[in-house]
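Hi everyone, thanks for making time today. Let me put the structure up, and then we can walk through its charged pairs together.

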Amino acid sequence: MAKPVARRLTDWDEYTGRLTARDKVEIRARVSGYITKVHFKEGAEVKAGDPLFTIDPRPYEAAAQRAEAVLAQAKTEADLAQVEAQNATKLRAGQVISSEESERRLKSAAGELAAVRAAEANVTAAKLELEFTEIRSPISGRVSDARVTEGNLVTGGAGIATLLTNVVAIDPIYLEFEADERNVLKYRVMHKTGERKSALFGTIAAEMSLINEDGWPHVGEIDFVDNQINPATGTIRARGVFPNADRLMSPGFFAKVRIPGSGEYDGLLIRDSAVGDDQGSSYVWVIDAEDKASYRPVKLGPLVDGLRVVREGLKADERVVILGLMSVRNSAKVKPTLAEMTPSAPSAPAANSTPDKKP
């Protein structure tokens, strides 16, 4: 026999989901031309600003030079028109020229200044297109393969731009999952009563494991809950964020996540071997002060560190039979030997939990 282990506990709710990239960018051509250089190793990590592709810049260099020449000409003509406008003002003051001629020269100067601004805009556009011939990564992450290689023609422009590759951010990484409506309501009631914070109003702790891992080795937080329940599934979308410094995880992996399903409470833990089953109900044998066994129905919870949570029916100072349940009879006297409730080899990893054994 052994006494229950008293401990501060938290229930956990488990969900399944998929890992997704925090950021994902499709790299497309913004100007047309021939690819002259692919700068990256396919599948490697790149940093924001690293060059990925070079499109032949020579046509765009020529266009930029032409635009600069047009700008220079426009500035010269604007300067000349400005001088004529200043002279016209003086001549008009001396009644040398008509008011119509003076007005024409002033309007001509204004028109030339507008032409300068238009030429400056053309220079800016030409330089921007020249800049677009050097395609750089907008984010840090892992790059895919080159969909277009050197020597091939690519097309730029909205709707028809050629896809060159894509880059996904991998640290940190997101886990997207869906929580059922019943649990969502439970979390909101707990937030209202102050038992547990809701992810709607701040981040909450989360733990995650991949399909080849035991326990919950990845610690992160829930940072987003959607704004409505999906009426087709009765679930709401949520997202966890987890560090991925070792690059173990990639977008698309299946994973399990658990989040606190309750606030902290004082609970009792016993071995699963101490629990009997009686037509769907759970019970334990309790040894009283006279070393007599008594039948005790209990309500059970999840496993924590290899021990079963007892929600109702047991007190912390009571002695529980942990071995030989089949040989115990109600009110029969026994010769108990006190032992430790904690098993020598835990049947579950530390901090792990499973769903309730029985309702």
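Let's start with a question: is Lys 127 buried, partly exposed or exposed? Lys 127 counts as partly exposed, at 42% relative accessibility, where buried means under 20% relative accessible area, exposed over 50%, and partly exposed in between, with a 1.4 Å probe and protein chains only.

A quick word on the model: it is predicted, so local features need pLDDT of at least 70 and side-chain atom pairs count only at pLDDT 80 or more, while totals for chains, interfaces and linings use all residues. Residues are numbered from 1 along each chain as its sequence is written, and side-chain values use heavy atoms, leaving out hydrogens and water.

Now, the partner of Lys 127. Glu 68 forms a salt bridge with Lys 127, with the closest N and O atoms 3.5 Å apart; the term means a side-chain nitrogen of Lys or Arg within 4 Å of a carboxyl oxygen of Asp or Glu. This pair links distant parts of the chain, Glu 68 in helix 1 and Lys 127 in helix 2, 59 residues apart. Helices here are DSSP runs of H or I with at least four residues, strands are runs of E with at least two, and both are numbered from the N terminus. Glu 68 is partly exposed too, at 36%.

By that rule, the model has 19 salt bridges. Another one joins Glu 45 and Arg 142, at 3.6 Å between the closest N and O atoms. Here strand 5 holds Glu 45 and strand 8 holds Arg 142, 97 residues apart. Both also belong to a salt-bridge network with Asp 171 and Arg 247.
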